[in-house]
Amino acid sequence: MESAITVVLIEDDPRMREVVQRLLDRSPGHRCVAAFGSVEEALSGMPDPVPHVALLDVHLPGVRGSLGVKQLLKRYPGLAVLMLTVYAEDDLVFEAICNGAIGYMLKRTPPDQLLAAVTQASEGGAPMS
């Protein structure tokens with residue numbers, strides 16, 4: 001049996017964090033190994049081994065997610081970072097992609113499509129809503 005795709009979730013909204021975490025943990029082949037409310041928390045508490053994928057909110061307290069991508073990838077170069085956003089904010093999404101994110105998903109993306117995007121990201125794809 002193949003191992004699960006491990007995911008770290010960086011989302012400041014506790015309700016959204018719980019919903020996405022539960023979705024990942026209840027879906028075969030996926031597992032949320034850590035959840036943080038900021039980039040700073042993720043940088044100081046990233047599990048070992050480093051997860052396959054990071055789901056990173058664009059708007060976060062402290063370091064904005066679109067800028068935090070660069071910091072995360074500098075410390076964890078093998079991490080595939082997939083941005084989560086409420087709106088298709090072209091300037092912030094573009095900034096995140098320029099900083100190393102491989103794609104972005106809207107938070108209103110249906111659960112099955114979000115899981116497919118996580119899988120695609122773990123395989124080197126570039127999913128986008």
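1. Is Pro-127 buried or exposed? In this predicted model, Pro-127 is buried, because its relative accessible area is 4%, where buried means under 20% relative accessible area, exposed means over 50% and partly exposed lies in between, with a 1.4 Å probe and protein chains only. Pro-127 sits in the segment after α5 (111–122), and its C-alpha atom is separated by 7.3 Å from that of Ile-102, a residue 25 positions away along the chain. Not counting residues up to four places away in sequence, Pro-127 touches Leu-82, Ile-102, Gly-103, Tyr-104, Met-105, Ala-117, Gln-120 and Ala-121, a contact being heavy atoms within 4.5 Å.

2. Some conventions should be kept in mind when reading these values. Residues are numbered from 1 along each chain as its sequence is written, and side-chain values use heavy atoms, with hydrogens and water left out. Because the model is predicted, local features need pLDDT of at least 70 and side-chain atom pairs count only at pLDDT 80 or more, whereas totals for chains, interfaces and linings use all residues.

3. As to the fold, the protein has five helices and five strands, which follow one another along the sequence as β-α-β-α-β-α-β-α-β-α. These elements are DSSP runs numbered from the N terminus, with helices being H or I of at least four residues and strands being E of at least two.

4. The C-alpha trace spans about 40 × 30 × 30 Å along its principal axes. Buried residues make up 48% of the 129 residues, and of the contacts with a separation of 6 or more, 63% are between residues 24 or more positions apart.

5. The accessible surface comes to about 6600 Å², of which carbon and sulfur atoms hold 54%; areas come from the Shrake-Rupley method with a 1.4 Å probe, and for residues only the protein chains shown count as cover.

6. Which peptide bond is cis? The one joining Asp-48 and Pro-49 is, with an omega of about 5°, and Pro-49 lies in the loop between α2 (39–45) and β3 (53–57). For background, most peptide bonds are trans.

7. The structure holds zero disulfides, a disulfide being a pair of cysteine sulfur atoms within 2.5 Å. Cys-32 counts as buried because its relative accessibility is 8%, while Cys-98 is exposed, with a relative accessible area of 51%.

8. Asn-99, in the loop between α4 (90–98) and β5 (103–106), is buried at a relative accessible area of 15%, and its contacts, leaving aside neighbours within four places in sequence, are Ser-66, Leu-67, Val-69, Lys-70 and Leu-73. Glu-89, in the loop between β4 (80–85) and α4, is buried as well, with a relative accessible area of 18%. Leaving aside neighbours within four places, Glu-89 is in contact with Val-58 and His-59; Val-58 is 31 residues away in sequence and 9.2 Å away in space, C-alpha to C-alpha.
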